[in-house]
Amino acid sequence: MSAPKSERRSPRGYELILPPGWVRIPLREGTKEALEKILFSHMGQVPEGIPRDDAMRFRLDMRRQLERQARAARRNGGLDLYLPVLPRGGIFLMASFIVAELPIGQAHPVPQQAVITQLANEGVPDGAGTQVDVAGAPALRRAFRSIPDEGKPSSAPEAQQEAALPTRRVDYVIPVPDDDGRWISINFSTPGDGDIDSEFTGVLVELFDAVVATFKWSFE
């Protein structure tokens with residue numbers, strides 16, 4: 001028998017285990033401090049082929065790119081932005097994921113299974129909506145490919161370079177275990193190595209799935 005609602009505890013946050021070289025950028029508060037730490041602590045290395053004299057310019061360019069990503073993620077309800085900031089094999093991975101709040105059931109709470117079923121059948125181009133288990137509860141995983149419209153120029157001067165490339169995308173939709181209709185999403189995007197069907201791109205998707213498998217709620 002389920003516990004009365006008054007006895008249920010709402011989580012205070014969540015936890016993830018990140019791969020080496022990945023960082024979290026909080027989007028609601030502490031964003032500036034996190035960016036400063038990344039710039040001066042996590043980016044002592046630069047990709048191969050960049051002269052030492054250009055290292056600071058590279059870091060400043062990366063800072064501007066991170067700020068653009070953070071602003072865009074915050075506008076879309078983001079709580080945290082995650083991305084790799086250290087090169088692997090002399091190159092930087094083009095990948096990121098965002099944890100965000102979802103406006104589901106805020107006015108009229110909807111049964112969790114009904115939400116999962118409806119979202120699984122909605123507009124995923126690859127038809128890849130699958131019910132999965134996250135943190136011991138039913139959730140939804142959706143996977144699809146995003147192909148930019150080459151005939152439509154970007155209207156945003158701050159558009160990310162990644163947005164102009166074909167990308168593999170995966171999102172998880174997860175209910176918050178407090179029975180009041182709140183949900184979060186974890187949204188991953190990568191152009192991989194430029195071929196979204198390559199083995200390398202597939203490995204990045206598998207890496208993200210492995211990260212989500214470590215997700216758990218924190219109650220203290």
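Predicted model: local features only at pLDDT ≥ 70, side-chain atom pairs only at ≥ 80, totals over all residues.
The largest nonpolar core comprises 25 residues. Within this core, the most contacts are made by Phe97, Tyr172, Ile174, Ile186, Phe188, Phe208 and Phe215. At least two core residues come from each of strand S4 (96–102), strand S6 (137–146), strand S7 (167–175), strand S8 (183–190) and helix H4 (199–212). The greatest contribution is that of H4, which provides five residues. A further core of 12 residues lies apart from the largest one and includes Ala34, Leu66, Ala70 and Ala73.

When neighbours within four places in sequence are set aside, Ile186 is in contact with Phe97, Ile98, Val99, Val170, Asp171, Tyr172, Ile174, Phe208, Val212 and Phe215.

Aromatic pairs in the model number seven. One of these is formed by Phe97 and Phe208, whose rings are tilted, with 5.4 Å between centres and 50° between planes. Phe97 belongs to strand S4 and Phe208 to helix H4, so that the pair links distant parts of the chain, 111 residues apart. Phe97 and Phe208 are both buried. Phe208 also pairs with Phe188, and here the arrangement is stacked, at 4.7 Å centre to centre and 10° between the planes. Phe188 is classed as buried because its relative accessible area is 3%, under the limit of 20%. Phe208 counts as buried because its relative accessibility is 2%. A single aromatic cluster contains Phe97, Phe188 and Phe208 together with Trp22, Tyr82 and Tyr172.

The second largest pocket has a volume of about 450 Å³. Its lining consists of 22 residues, and those nearest the pocket centre are Arg12, Gly13, Tyr14, Leu79 and Glu101. Strand S1 (13–15), strand S2 (22–26), strand S3 (78–84), S4, S8 and strand S9 (216–218) each provide at least two of the lining residues. By class, the lining is made up of 11 nonpolar, eight charged and three polar residues.

How values were computed: Residues numbered from 1 in each chain as written. Heavy atoms only, no water. Core = buried A, V, L, I, M, F, W, Y, C linked by side-chain atoms within 4.5 Å. Buried < 20%, exposed > 50% of the residue type's maximum accessible area, 1.4 Å probe, protein only. Helix = DSSP H or I, 4+ residues; strand = E, 2+ residues; numbered from the N terminus. Contact = heavy atoms within 4.5 Å. Phe/Tyr/Trp six-rings, centres within 6.5 Å; stacked < 30°, edge-to-face > 60°. 1 Å grid on protein atoms, 1.4 Å probe; cavity = no way out; pocket = protein on both sides within 12 Å on 5 of 7 lines; lining within 4 Å. Points joined across faces, edges and corners; volume = space filled by probe spheres on them. Nonpolar A, V, L, I, M, F, W, Y, C, P; charged D, E, K, R; others polar.
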